[in-house]
Amino acid sequence: MVDSTRLLNSDTILSKVYMIYDEGRDMLGTSPQGGKSKLPMQGVPQPTRDEVLKLPRVHISSHPVMAHKMTLLRNKNTPPPQFYQLVKEIGSLLAYEATENLALEKSEIETPLQSTTGYRLAGGIGVTPILRAGLGLAEGFRQVIPDVQVWHLGLRRDEETLQAMEYYNRLPHQVDLQVVYAVDPMLATGGSAIDAINILKRRGIPRLSYLGIIAAPYGLQRLAQAHPDIDIYVAALDESLNDMGYIVPGLGDAGDRQFGTF
């Protein structure tokens, strides 16, 4: 026989849980009762491209090969295998640009003819892809520096609040690197990038940079203002965010297009 008292207690508990959940959503403004718009960027002021181009330590690629590959990447008819390959190639090109000012140390070597003095990178390099979309960029980075350390960080964007939420962190406890690059294809509202740099800064890394494929002026400005001490490298600067918080003209969802999970 079913104990009606226990059922009543269970129903009461569930009712309280749902009530707390709904109240929490209302406080965050994400439920219909809370009145949160389904268009989180609607009415939000956004800077222009010209305004953010004046920001210090912002580097937008002007290479013709990059422009060619970006056109292929944006095309909605580009299939996932080619899209993923393009992300890796763009990652390699960005890696060359972003590593231009790395520190070097002298190294004595023997050529087939005589001794000579060469140079090696002074200290290790780290790359932190923001999962999952950053994986292709990290692979491209590794083609330039095969012995780069790869640290994985999982940040997911809440599509209603546009806030970044951490769900995975596989960073080392000890750090002995000269620089770490946080990599993510899309810099939209800037939330994930800002949080990633905050997490990396707590590791005491002497130098940090951000590397992405496409940035919106809004996200670029937010990242530059939150972390004025880092360099930001992107392949292209787009026009704006739409009301949903997506970059336009953009290229769609970089993670889905890389891995075919539409």
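UniProt positions are given here in the numbering used for this structure, with shortened feature names, and such annotations may be inferred rather than shown by experiment. The model is predicted, so local features need pLDDT of at least 70 and side-chain atom pairs count only at pLDDT 80 or more, while totals for chains, interfaces and linings use all residues. Residues are numbered from 1 along each chain as its sequence is written, and side-chain values use heavy atoms, with hydrogens and water left out.

An unreviewed UniProt entry lists Arg132, Arg157, Asp184, Pro185, Met186, Leu187, Ala188, Thr189, Gly190, Gly191, Ser192 and Asp253 under "binding site". Under the "binding site" heading, UniProt (unreviewed entry) also lists Ile247, Gly252, Asp253 and Ala254. Met186 sits in strand S9, residues 186–187. Gly191 belongs to helix H6, which covers residues 191–201. Ala254 is part of helix H8, and Gly252 lies in the loop that runs from strand S13 (247–248) to helix H8 (254–259).

Accessibility separates these positions. Buried means under 20% relative accessible area, exposed means over 50%, and partly exposed is in between, with a 1.4 Å probe and protein chains only. Ala254 is buried at 6% relative accessibility, and Gly191 is buried at 11%. Gly252, with a relative accessible area of 54%, is exposed.

Contacts, meaning heavy atoms within 4.5 Å, link the two lists. Leaving out residues up to four places away in sequence, Met186 touches Tyr210, Ile214, Ile247, Leu251, Gly252 and Ala254. With the same exclusion, Ala254 touches Phe83, Ala133, Pro185 and Met186.

Arg132, listed by UniProt in the unreviewed entry, is found in the loop between S4 and H5. The peptide bond from Leu131 to Arg132 is cis, with omega near -10 degrees. A cis bond also joins Val248 to Pro249, with omega near 0 degrees, and Pro249 lies in the loop between S13 and H8. Another backbone feature is at Arg57, which has a positive phi of about 65 degrees although it is not a glycine. Arg57 lies in the loop between helix H2 (49–53) and strand S1 (58–60) and, at 36% relative accessibility, is partly exposed.

The interior comes next. In soluble globular proteins, nonpolar side chains tend to be buried together. A nonpolar core is here a set of buried Ala, Val, Leu, Ile, Met, Phe, Trp, Tyr and Cys residues joined through side-chain atoms within 4.5 Å. The largest such core has 36 residues, and those with the most contacts inside it are Met70, Leu73, Ile90, Ile125, Phe141, Tyr181 and Ile213. At least two residues of this core come from each of helix H3 (64–74), H4, strand S4 (124–131), helix H5 (135–144), strand S8 (177–183), strand S10 (208–215) and strand S11 (231–237). H4 supplies the largest share of this core, seven residues. Another core lies apart from it, with 22 residues, among them Leu177, Ile197, Ile205 and Ile230.

Ile90 is in contact with Met66, Lys69, Met70, Leu73, Ile213 and Ala235, neighbours within four places in sequence aside. Ser92 lies in H4, residues 80–98, and is buried with a relative accessible area of 10%. Beyond residues up to four places away in sequence, Ser92 touches Gly140, Phe141, Gln143 and Val144.

H3 and H4 pack at an angle of about 155 degrees with their axes 10 Å apart; axes are lines fitted to C-alpha atoms, for helices over the stretch in contact, and angles run from 0 to 180 degrees between N-to-C directions. The two helices H3 and H4 are therefore roughly antiparallel, a class for angles over 145 degrees, whereas under 35 counts as roughly parallel, 65 to 115 as roughly perpendicular and the rest as oblique. In this pairing, Val65, Met66, Lys69, Met70, Leu72 and Leu73 of H3 meet Phe83, Leu86, Val87, Glu89, Ile90, Leu93, Leu94 and Glu97 of H4.

Key. Helix = DSSP H or I, 4+ residues; strand = E, 2+ residues; numbered from the N terminus.
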